[in-house]
Amino acid sequence: MISRIAFRFSSRRSALAGGVAVLIIILSVVLGPYLDPHSPNAIDHHIMGYPQAPSAEHLLGTDLLGRDVLARALSGGRVSIAIGFTAMLVAVVFGTLYGAIAGAFGGPLDAVMMRIVDALFSFPTFFLIITVEALTNQFAVGIIVLILGLLSWMGVARLVRAEVLSLRGRDFVEAARALGVGPARLIARHLIPNALAPVIVAATLAIGDNILAETGLSYLGLGVQPPTASWGNMLQDALLPAAREAPWMVLTPGILIVATLVAFALLGDGIRAAIDADAA
Amino acid sequence: MSTFIARRVLGAIPLLLLISIISYAMMGLSPGGPAAIFAAQAQRMSPIARAEFIHSLGLDKPWYVQYLYWLGNLVFHGSLGYSYVDQRPVIEKILEHVPVTVEMLSLALVATVLIAVPIGIVAALKRDTAFDYVTTVVAFASYGMPVFWLSIILIDLFAVHLGWFPSAGANSIGQEGNPLDRLRHLVLPVTALTVVSLASWIRYQRGAMVNVLGELYLRTARSKGLSEARVILHHALRNALLPTITLLGLSLPGLFSGAYFIEYVFSVPGMGYLGINAVFQRDYPTVMALTMLTAVLVILGNLLADIAYGIVDPRIRYD
């Protein structure tokens with residue numbers, strides 16, 4: 001099944017383009033800081049307050065503190081994508097367990113658990129993220145990841161529950177149960193592995209959503225705190241009135257965010273289409 | 001139909017109760033609550049007066065006790081409490097801020113549907129052509145734009161450089177009752193909200209149309225000699241528009257999130273502007289009331305979408 005899906009995926013140009021773009025972006029933020037001679041946090045006092053336009057020395061110019069924009073974009077990308085990825089992992093692990101337990105046990109437990117999901121789904125979670133982040137007043141990357149992840153798992157939970165419900169009556173589950181497999185092992189070894197296909201698509205898209213959420217938090221001053229660069233706080237800097245004359249400060253992180261989001265969306269869309277075509 | 005509506009309204013009560021508990025718990029369990037803020041602000045108060053003040057707001061009790069007080073006041077007195085900031089009744093403050101948000105949301109929703117639905121349909125008809133690829137990428141790009149980035153670019157271009165539209169607020173001074181002036185203020189925020197919501201609608205509409213195009217009844221229609229235009233317009237289109245109605249309900253929480261954020265960027269005095277400022281001021285009663293009101297509006301929107309679905313699709317029976 002995997003190889004058929006991979007074949008269908010690679011025969012779609014937009015999906016391939018998305019996959020390649022994601023690879024390039026990840027490779028450049030992982031390897032880039034080793035190749036770029038500038039340090040992302042090195043302040044140049046001579047040009048402080050006077051952002052320099054792109055030049056041979058600073059390929060994407062400098063920011064208000066005279067820091068190299070390219071170096072910050074690369075290391076900031078590392079932080080932003082790492083946040084997007086780990087918050088996605090938190091949401092996927094939690095959502096999968098939650099959905100699998102609800103689906104496997106069914107009955108009143110399932111009803112209560114899914115009402116909680118409905119409740120969390122019926123209000124703007126981003127507002128909730130802002131509230132919790134503002135009240136917590138903790139801006140360590142780990143805390144931001146936890147808050148983003150723990151407030152965005154509901155979609156995964158719904159997907160996994162629906163899959164598990166449809167798997168529950170299947171012969172291999174009956175067989176496992178007849179062999180005396182306990183509920184924990186049944187969920188972990190038999191139900192979850194077979195329910196993961198739709199989760200992959202949701203996970204791909206969640207990475208982008210988390211990157212966007214971090215930029216939103218940064219705009220409110222609730223995201224990754226300087227001097228550590230993230231695409232969100234680079235944008236926040238770039239929108240200061242003093243940066244009016246330095247469009248490279250606004251455009252670099254902005255275009256990178258949009259490009260990354262488009263790449264992940266194309267990738268997710270391609271995987272979805274490949275899975276659907278395989279099922280059809 | 002009426003039993004369906006009654007059942008849904010009754011079902012909404014435990015849902016709202018659950019939402020209120022979750023929100024209250026999250027605020028109550030977060031460190032750095034209002035008690036700490038007041039303690040820092042009220043340096044001039046004597047410790048006894050400060051303790052008295054905190055006690056009078058009930059902030060010395062555990063969160064679940066505070067929650068029960070809050071719930072009791074709401075159920076038995078219909079009161080959402082008083083703002084910590086200016087001691088005005090919360091309901092009064094919120095009602096002042098509801099109209100702008102509702103106007104903004106409705107305008108953005110109408111604009112989104114009018115733009116996205118035709119694009120989605122054409123993209124499906126021209127599947128795997130350049131048009132399809134370009135709209136896909138443009139749709140994803142509009143979804144990938146940080147909304148405040150887009151807002152600031154809009155402000156820079158249309159308010160600062162061209163001067164066509166105002167950059168902030170919902171009315172010019174002295175023009176409070178003028179609908180045209182209100183509309184001019186809402187153009188940029190509504191544009192921003194529309195652009196970021198387009199993507200999901202275009203993709204959804206395209207998917208729905210692609211599904212319908214594979215249906216056998218279209219083959220039947222073609223084989224009995226109907227023109228292609230008639231097949232598409234009469235047989236495919238109507239069925240492809242149906243599932244989009246459900247998106248109306250599903251997209252509401254996201255729309256509210258977007259609207260709240262945009263209001264903050266454009267200083268539009270709506271629910272989001274009030275809400276985000278209330279969050280920063282630790283004004284729990286206002287935050288709670290806004291959360292509940294948003295949830296009620298979202299649940300109501302979903303109910304309306306389901307009812308509309310039942311009306312336009314005769315195959316759906318609610319009983």
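A:Asp110 is buried, with a relative accessible area of 9%, where buried stands for under 20% relative accessible area, exposed for over 50% and partly exposed for what lies in between, calculated with a 1.4 Å probe on protein chains only. Its partner in a salt bridge is A:Arg161, with 2.6 Å between the closest N and O atoms; a salt bridge here is a side-chain nitrogen of Lys or Arg within 4 Å of a carboxyl oxygen of Asp or Glu. The two residues lie 51 positions apart and link distant parts of the chain, A:Asp110 sitting in helix H4 (residues 107-121) of chain A and A:Arg161 in helix H7 (residues 154-168) of chain A. A:Arg161, at 21% relative accessibility, counts as partly exposed.

The model is a predicted one, in which local features need pLDDT of at least 70 and side-chain atom pairs count only at pLDDT 80 or more, while totals for chains, interfaces and linings use all residues. Residues are numbered from 1 along each chain as its sequence is written, chains are lettered from A and ligands numbered from 1 in the order in which they are written, and side-chain values use heavy atoms, with hydrogens and water left out.

The closest N and O atoms of A:Asp118 and A:Arg158 are 2.7 Å apart. A:Asp118 is buried at a relative accessible area of 18%, whereas A:Arg158, at 34% relative accessibility, is partly exposed. In chain B, the side chains of B:Lys93 and B:Asp86 form a salt bridge with an N to O distance of 3.4 Å. In this pair B:Lys93 is the buried residue, at 9% relative accessibility, and B:Asp86 is partly exposed, with a relative accessible area of 34%. Returning to chain A, salt bridges with shared partners join A:Arg115, A:Asp118 and A:Arg158 into one network. Over all chains, a search of the whole structure finds 13 salt bridges.

The chains that hold these pairs can be described in turn. Chain A has 12 helices and zero strands, helices being DSSP runs of H or I with at least four residues and strands runs of E with at least two, numbered from the N terminus. Along its principal axes, the C-alpha trace of chain A spans about 75 × 45 × 30 Å, and 51% of its 280 residues count as buried. Among the contacts in chain A (heavy atoms within 4.5 Å) between residues at least 6 apart in sequence, 71% join residues at least 24 apart.

Chain B has 13 helices and zero strands. Its C-alpha atoms fill a box of roughly 90 × 55 × 35 Å along the principal axes, and buried residues make up 45% of its 319 residues. Of the contacts in chain B with a separation of 6 or more, 71% are accounted for by residues 24 or more positions apart. Chain B exposes about 15,600 Å², and carbon and sulfur atoms supply 68% of that area.

What remains is the interface of the two chains. The size of an interface is often given as the accessible area lost when the parts come together. Chain B and chain A bury about 3,800 Å² between them, with 79% of it on carbon and sulfur atoms, buried area being the accessible area (1.4 Å probe) that two parts lose on being put together, summed over both. B:Tyr143, B:Phe148 and B:Trp149 supply 17% of the area that chain B buries against chain A, more than any other three residues. The contact takes 46 residues from chain A and 43 residues from chain B.

Across this interface the rule finds one salt bridge, in which the side chains of B:Arg203 and A:Asp269 meet at 2.6 Å, N to O. On the side of chain B that touches chain A, the elements that give two or more residues include helix H6 (130-144) and helix H7 (147-161) of chain B. The residues of that side divide into 31 nonpolar, nine polar and three charged, where Ala, Val, Leu, Ile, Met, Phe, Trp, Tyr, Cys and Pro count as nonpolar, Asp, Glu, Lys and Arg as charged, and the others, Gly among them, as polar.

Definitions and conventions:
Areas by Shrake-Rupley, 256 points an atom, 1.4 Å probe, with all protein chains shown as cover.
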